[in-house]
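Trainee: I would like to learn how to read a model of this kind, feature by feature. Where do we start?

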Amino acid sequence: YDRSHHLLRGRKTRTFVEQKDSEIVEKIASEAGLTAEVEDSEVLHPYVVQANQTDMAFLQDRAKRIQYEVVVEDKTLFFRPVSNAESEVVTLEMNDDLTEFYPRLSSVPQVSEVSIRGWDAKEKKEIVGQASIGDEVSTMDGQDSGAALTDAAFGASIGAVTERPVMTQAEADQLAKA
């Protein structure tokens with residue numbers, strides 16, 4: 001077994017001030033007795049709250065926001081950008097590897113453009129982060145992204161995210177691209 005269970009022991013409420021997600025991961029890994037291998041997440045957050053969450057749930061939530069992944073192998077915690085651009089072929093065969101298979105494809109969550117909106121209380125101004133087709137991390141070894149294919153088939157659609165608070169322009173831009 002790997003040591004990821006160390007990150008599931010109990011819920012915590014605490015704050016992190018003036019830290020990047022990658023710095024937060026290093027601190028939590030150290031507390032759990034794990035070695036951290038992290039890639040710099042670049043954006044400094046004025047204030048981050050871990051609100052009644054296990055360390056694993058908190059780290060996975062932080063990773064999802066910026067399209068990173070949290071992986072524990074043996075005693076090492078990895079925090080890195082998702083590896084969707086790497087093409088690794090997996091072949092599964094019915095009745096050998098799979099007993100049931102119900103694929104589902106939906107174009108509903110695909111948007112041509114996304115807008116992240118927040119409010120800078122100090123400067124008293126709106127924060128807007130935007131991303132559009134072409135800003136994707138990867139096309140997952142395809143020629144076009146899902147958003148580009150949906151745009152061509154059904155026309156442009158715009159998504160707005162307002163339920164995730166952002167405190168800086170850099171954070172809004174990073175979240176929009178994720």
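Mentor: Helices (H or I, at least four residues) and strands (E, at least two) are DSSP runs, numbered from the N terminus. The model is predicted, so local features need pLDDT of at least 70 and side-chain atom pairs count only at pLDDT 80 or more, while totals for chains, interfaces and linings use all residues. Residues are numbered from 1 along each chain as its sequence is written, and side-chain values use heavy atoms, with hydrogens and water left out.

Trainee: Which residues of H2 are buried?

Mentor: Buried means under 20% relative accessible area, exposed over 50%, and partly exposed in between (1.4 Å probe, protein chains only). In H2 the buried residues are Asp55, Met56, Phe58, Leu59, Arg62, Ala63 and Arg65. They pack against E1, H1, E3, E4, E5 and helix H4 (169-177); contact here means heavy atoms within 4.5 Å.

Trainee: How are the buried residues of H1 placed when seen down its axis?

Mentor: H1 (residues 21-31) has Asp21, Ser22, Ile24, Val25, Ile28 and Ala29 buried. Down the axis of H1, these buried residues fall within an arc of 155°, so they line one face of the helix. The arc is taken from the directions from the helix axis to the C-beta atoms. Their cover includes strands E1 (12-20), E2 (35-38), E3 (44-53) and E5 (76-81), as well as helix H2 (55-65).

Trainee: How do I read aromatic pairs, and how many are there?

Mentor: A pair of aromatic rings is described by the distance of the centres and the angle of the planes. Rings of Phe, Tyr and Trp (its six-membered ring) pair if their centres lie within 6.5 Å; planes under 30 degrees apart count as stacked, over 60 as edge-to-face and the rest as tilted. This structure holds two such pairs. Phe16 and Phe58 have ring centres 5.7 Å apart and planes at 15°, so they are stacked. This pair links distant parts of the chain, with Phe16 in strand E1 and Phe58 in helix H2, 42 residues apart. Phe16 and Phe58 are both buried. For Tyr68 and Phe79 the centres are 4.9 Å apart and the planes at 40°, so that pair is tilted. Tyr68 and Phe79 are buried too.

Trainee: In what order do the strands of the open sheet stand?

Mentor: Strands pair if DSSP finds at least two bridges between them. Three strands form the open sheet, in the order E2-E5-E4, with mixed pairing. E2 and E4 are at the edges with a single partner strand each, so one side of each has no neighbour in the sheet. E2 and E5 run parallel and are joined by four bridges. Thr35 stands opposite Thr76 in E5.

Trainee: Is Thr76 buried or exposed?

Mentor: Thr76 counts as buried because its relative accessibility is 18%. Leaving out residues up to four places away in sequence, Thr76 touches Thr35, Glu37 and Val71.

Trainee: Which residues have the most contacts inside the largest nonpolar core?

Mentor: In soluble globular proteins, nonpolar side chains tend to be buried together. A nonpolar core is a set of buried Ala, Val, Leu, Ile, Met, Phe, Trp, Tyr and Cys residues joined through side-chain atoms within 4.5 Å. The largest has 19 residues, and those with the most contacts inside it are Leu7, Ile28, Phe58, Leu59, Val70, Leu77 and Phe79. H1, H2, E4 and E5 are the elements that give two or more residues to this core.
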